[in-house]
Amino acid sequence: MEKLQLFFQTAPVDPTQAGHALWLIIALPLLGAFICGVFGKIIGRANTNLVAISSVLGSFLLSLLVFWTINDFHASSPTPFGGVAYAVGADFGTWFHAGTFRVNFGLMADHLSGTMLLVITGVGFLIHVYSAEYMSHDKGYWRFFAYLNLFVAAMLTLVLADSLPLLFVGWEGVGLCSYLLIGFWYDDPQKAFAGRKAFITNRIGDFGFLLASFLLVVMVESLIARPANAPGSHVSPTYTSAVADKGPLAFSVLEETARSLPDLIDEKILTGPLTGMNYGVALTIIMLLFMLGAAGKSAQIPLYVWLPDAMAGPTPVSALIHAATMVTSGIYLFCRVSYLLVLSPTAMIVIALIGASTALVAALIAFTQKGIKKILAYSTVSQLGLMFLGIGVGAFWAAFLHVITHAFFKACLFLGAGSVMHGNGDEEDVTKLGGLRKEMPVTWATFLVSTFAITGVIPLSGFFSKDAILHAAHTQHIAGYHGLQTLAWIMGTLTAACTAFYMFRAYFLAFEGERSKDAKIPHAHESAAAMTGPLVVLAVLAVVALVHGLPIMHMQRGGVTITQTLMENFLDPVFRTTNDLIARKQFLEMPKEHESMLLPWLQAWIIALVSGGAAFFIYRRYLPAKGSLPGFLEPLRKFSFNKFFVDEVYDFVVIKPFTLFSRALHKVVDSILIDGVAVHGTAWLTARTGAVLRYLQTGDAQMYAAVMALAASGGLVWAIFKVLP
Amino acid sequence: MNSIFDSRILNLVIFFPLAVAALVAFLPKDEKGQIRAVTFAGMIGSFLTTLWAWMRFETRSPVEFQLEYRLEWLSDVGISYHVGVDGLSVALVLLTGVLGPMVVLSSWNFVAERVKEFHVALLVLQTAMFGAFTSIDTMLFFMFFEAVLVPMYLLIGVWGSEERQKAAVKFFLYTMVGSVLMLLALFAVYFLSAPSGARSFDYSTMYNGMMGGSRELATYLKANPDGNGVGLTPVAFALFKYGPWLFLAFALAFAIKVPMFPLHTWLPDAHVQAPVAGSIVLAGVMLKLGTYGFWRFAVPFFPVAARQYQNFFAALSVIGIVYGALMCLAQRDIKKLIAYSSVSHLGFCMLGIFAFTAEGATGSAYQMLNHGVSTGALFLLFGMLYERRHARLMSDYGGIARVMPVFAAFFLIVTFSSIAVPGTNGFVGEFLVLLGTFKSNLPLAFGVIASTGVILGAAYMLWMVQKVFFGQVTHQENLALKDMDKRELAAALPFIVLIAVMGLRPQPFLDVLNTSTERYIARAKFAAGDGTSDERLVRVNVRQLPRVAVAQAPAPTPMPEGMVRPARPMMLQQLQPVKPALQPGDAKVLP
């Protein structure tokens, strides 16, 4: 056993070499995208599939190698402040620099991004395999695989980047691919519109991201320029040179920034555009702007509206982009800059509340949706909300664990939904399915496992991650916001109950009971092995991932033995600074001792059982017998079914006024004021003046003489007055 | 390594297209293919000359104007033929050179009448633009600046669409108004910047002559913000009194050219009516004459006035960004939409120029190049569509991606560049401009509002893309549209390559631009009087005319006021009636 452990903790390749090879992980799918996009039509369907799948597989193998390497204690990514342990990285030179600003092409894989690498390439590989079958009848296969490969490359850039601007390349890149893939079937204006809606909503978030980055630069420069006699801590010369070498937005620089901030939270900024503001306030604003960015990408209130519409894309896309990877970038971002977040309790509670309310609202909407993908989409929004609740209360590892487990079971659910649609003539409406258990056994089994996982039934992976978040929301207290946090915790727990209800509703309607009379085709058929294979693998992963949530790691810290879950322990090197800052600033009160986990486990059981039971009762017993819900519930159902009319409100409050405003502006300012009054007015005035002055040039010599005489006498009079004293 | 050619490269760059134009003028006018081929080859040759200039430009050199060439010409009135490039101008020259061949390709079939005249006009236009970007003598600049108008007026007025006459006249008058004021201001600077006898229209003389005055005025204003200027030296007093007006005269001329809000209404009309080639050159290069003018003349000549009006012009730029974007959302005509998007993009350039930070200025310069590439490409691509359908409204299209997939892919990539997706060229420029704005002394709100351009840009461009390319094909005649042919691919592919290269490897370009940025910032800021400018970068050093240098070297003694060295007796008499520069004390002495 010892030997085995040692084997896995010894880097198979030289860590420095691994760092320098990181670009290959991105380059492979990028090359795949290029080949599929440019030559896909020429080389044919089978070759396109081969290129697309093997490029992601190659990336996956490289990622495995990297992941193995970063388990080695000797692996260290070089930074100006010494190395980052358990990481590999390399700097590939300047991207751009001007003035004092610089961005480098720097890549780094630590335990956080290493895990993401495996999820992206691993789940990505499975979904590529699945897609090869799913898209086997589509003429645009080459376009599809080009976009999908491009997406993988962008997502990998996002997680490998070692600075915010480079992360932003991936951040916008995934948004771009999402736009292309949602609108993949662009013949349908609805679908093209959904893509556009996704991109523009994302762009609103990106606006926040950009502002936050700019303010961070300004803050970093104010730290450097801080006079030596000003109160609070001062940055070292190393810091100044690191900012010059790596740029102010490199993560290593930001981490060092966070280290110097605790003493400055209540100090005023003395130089630059933020002069007069407290560092703490500035940091809160920056974090909230990042939250706006994350809300766009990870579909949180108020920007979640694009994700349900994004289901217009092919189902594998929904599984990969809108469930497993892209939508979790917001959580990844906050894990990356967690050291800054823990210095701002206000930002933390806002994030927790946004997360909790998104989770609850989305779950309530999911209650009544009919499209199986729509239900899963709202479920994704809801689960992402839970993750943000975790981020908000400082349980970064728990939120990240939920990212991983969610990637497995939600990808499995989406692919299952795709399999269901594939086998039922593209029928999406769960009320028009039914009885699929016998007709699609593999899809059924994997769907059921994943449903159990997302509901949080012990001992599946979803339980551990979700429970870790709720537990942290209950026991870790953000300083000064106890009341609000309790509210967030209650909302989170309610969400857990709702999740069980709507998931089992979908399950019972689609898989149990008799086949619906409105079904498109009389008998469903099970999908091919290329589709069911990934389903099985993902279902197995959804179960196996539970190991990460087991409290099996014991370690010594300050003379006390503490027990950590596998994931918490694994991510410890990533969150070291964060934990130091928490301990130092006490903005987050950690529980003194770990209480017994039995009570929460029991709670989870009860919640899952009661809500699942309720779903069983309503959809298997009550509705088949009575045919409809009691009347008093009908308005509520309608309200939920229409998604709380949020789209309509946005349309009425934002979009319509905006379009009207620009039309009015065009008519009034451009056409009338500038062109009409100013430009044509000038022309008119010139013409009129000319017309009037024309009468002065009559050619009448006597007239001219008279004017001359008059002017001369006038001059004479003036001269006389001037000369007289 | 200096080679003997270095000082001649720019002459080659400027006059090569003119020589080709002369050649084309002698070709038989019915040999349309021949005319096109010769012009195309000429444009390629011209591009190679600009590339040569670009390669010979040394970023590490301490010399500001490189590849300098100076020849005596009209020295009686202080004009010389003086050309040279700094980082910004060599980049703009290269941009002009790159666009040249593509412009010819774009109109291969589109222009079928008066083919010869059309191509001559294109080549002459090229010469005029090269000249404007490389002139160090302000009068020479002015001549080229005005010379650009004539071929462009003809391009719009002769080969344009239905209402071409109206648009061409509007374009011509709009720009002329500004030019006249600028000419007057140039004369004023001429008299102000040097005592009689030493006067010259050369950039260095004008700038260096006023530099001391600007510095003095800035120090003075810092000490007495509400002072009335008593006690200033004559130049400083003149700058105090008339500097803002002169600055505004320059600014007006260039703001019309850019165009800045609210002087932009000529642009949509001109673009809509112009032929494809006209649109590409207009958007790609000509608008940059405006931003270049601000950068080279308006701001360095009057740094104090520029500071005073910084908020005003930055505000107009921000309004331009948002307003241009909102206008796009109200358009139905695709060309108009692209034109208004230019207003928005050029707003970013202007904001960067008036942020007075290194990031902002470099970003602005880069954005000038980006806009040339992206918007040039948009007009080029739309031109292909227009050539097929002769329709400009979005409602005339729909579902084009189905019938022209390759074309759609190209258009989409250019769209992403235009909305500054990271990885494309647009991002680097926009990011730097916004960052520079945030770091500047402008109010934070400016940066925030300007950043909304990021959202609005995506909104209008993708809206247009959806209307044109997605959905079902709604018009029967669109079903038969042919996808891009080889010639069109050849014209569009370089743009795609540029978009990627400039997005992923921007640093070689930025290194060249940085050499200019440093000086621009130093010159804009030295007048702030806070001592942050690098003094070595403030002064303009150029090559002197050899003959003058020899004649003046032994006798540096100051001349008595009002006298001119009697080297040229003829000129002495002509110059005498001109009054010496205004002196503040003069008025009191007179009876």
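Visitor: What covers the buried residues of H8(A)?

Guide: This is a predicted model, to be clear. The cover over the buried residues of H8(A) includes strand S4 (101-109), H7 and helix H9 (251-260) of chain A.

Visitor: Which residues of H8(A) are buried?

Guide: H8 of chain A runs over residues 237-246, and its buried residues are A:Tyr239, A:Ala242, A:Val243 and A:Lys246. Viewed down the axis of H8(A), they fall within an arc of 100 degrees, so they line one face of the helix. In general, an α-helix has 3.6 residues a turn, so residues three or four places apart point the same way.

Visitor: And which exposed residues sit on the face turned away?

Guide: A:Pro237 and A:Ser241.

Visitor: What comes just after H8(A)?

Guide: A:Gly247, with a positive phi of about 90 degrees.

Visitor: You mentioned S4(A). How does S4(A) pair with S3(A), parallel or antiparallel?

Guide: Antiparallel, over eight bridges. A:Phe96 stands opposite A:Val103 in S4(A). The hairpin of S3(A) and S4(A) has two residues between the strands, and A:Gly99 there takes a positive phi near 60 degrees.

Visitor: Now the interface. How many residues of chain A are in contact with chain B?

Guide: 38 residues of chain A, in contact with 43 residues of chain B. Strand S3 (88-98), helix H6 (164-182), helix H7 (189-224) and helix H27 (646-694) of chain A each supply at least two residues of the chain A side. H7(A) gives the largest share of that side, 15 residues.

Visitor: How do the residues on that side divide by type?

Guide: The chain A side has 23 nonpolar, seven polar and eight charged residues.

Visitor: Switching to helix packing. At what angle do H3 and H5 of chain A pack?

Guide: About 175 degrees, with the axes of H3 (residues 22-69) and H5 (residues 141-160) 9 Å apart. That angle is over 145 degrees, so H3(A) is roughly antiparallel to H5(A). The residues of their contact are 19 nonpolar, eight polar and two charged.

Visitor: Is A:Tyr86 buried or exposed?

Guide: Buried, because A:Tyr86 has 25 C-beta neighbours inside 10 Å, and the cut-off for buried is 20 or more.

Visitor: What about A:Asp426, buried or exposed?

Guide: Exposed, with 11 C-beta neighbours inside 10 Å. A:Asp426 has a positive phi of about 60 degrees, again without being a glycine. Its place is the loop between helix H17 (396-423) and helix H18 (436-439) of chain A.

Visitor: Over to chain B. What joins B:Val258 and B:Pro259?

Guide: A cis peptide bond, with omega about -10 degrees. The peptide bond from B:Phe261 to B:Pro262 is cis too, with omega near 0 degrees. B:Pro259 is in the loop between helix H9 (234-257) and helix H10 (266-273) of chain B, and B:Pro262 lies in the loop between H9 and H10 as well.

Visitor: Last one. What does the secondary structure of chain A come to?

Guide: 28 helices and eight strands. Of the 725 residues in chain A, 55% are buried. The C-alpha trace spans about 120 × 70 × 60 Å along its principal axes.

Key: Residues are numbered from 1 along each chain as its sequence is written. Chains are lettered from A and ligands numbered from 1 in the order in which they are written. This is a predicted model: local features need pLDDT of at least 70, side-chain atom pairs count only at pLDDT 80 or more; totals for chains, interfaces and linings use all residues. Two residues are in contact if their C-beta atoms, placed from the backbone, lie within 7 Å. Helices (H or I, at least four residues) and strands (E, at least two) are DSSP runs, numbered from the N terminus. Ala, Val, Leu, Ile, Met, Phe, Trp, Tyr, Cys and Pro count as nonpolar, Asp, Glu, Lys and Arg as charged, and the others, Gly among them, as polar. A residue is buried if 20 or more other C-beta atoms lie within 10 Å of its own, exposed if 12 or fewer, and partly exposed in between; C-beta atoms are placed from the backbone. The arc is that of the directions from the helix axis to the C-beta atoms. Two strands pair if DSSP finds at least two bridges between them. Axes are lines fitted to C-alpha atoms, for helices over the stretch in contact, and angles run from 0 to 180 degrees between N-to-C directions. Angles under 35 degrees count as roughly parallel, over 145 as roughly antiparallel, 65 to 115 as roughly perpendicular and the rest as oblique.
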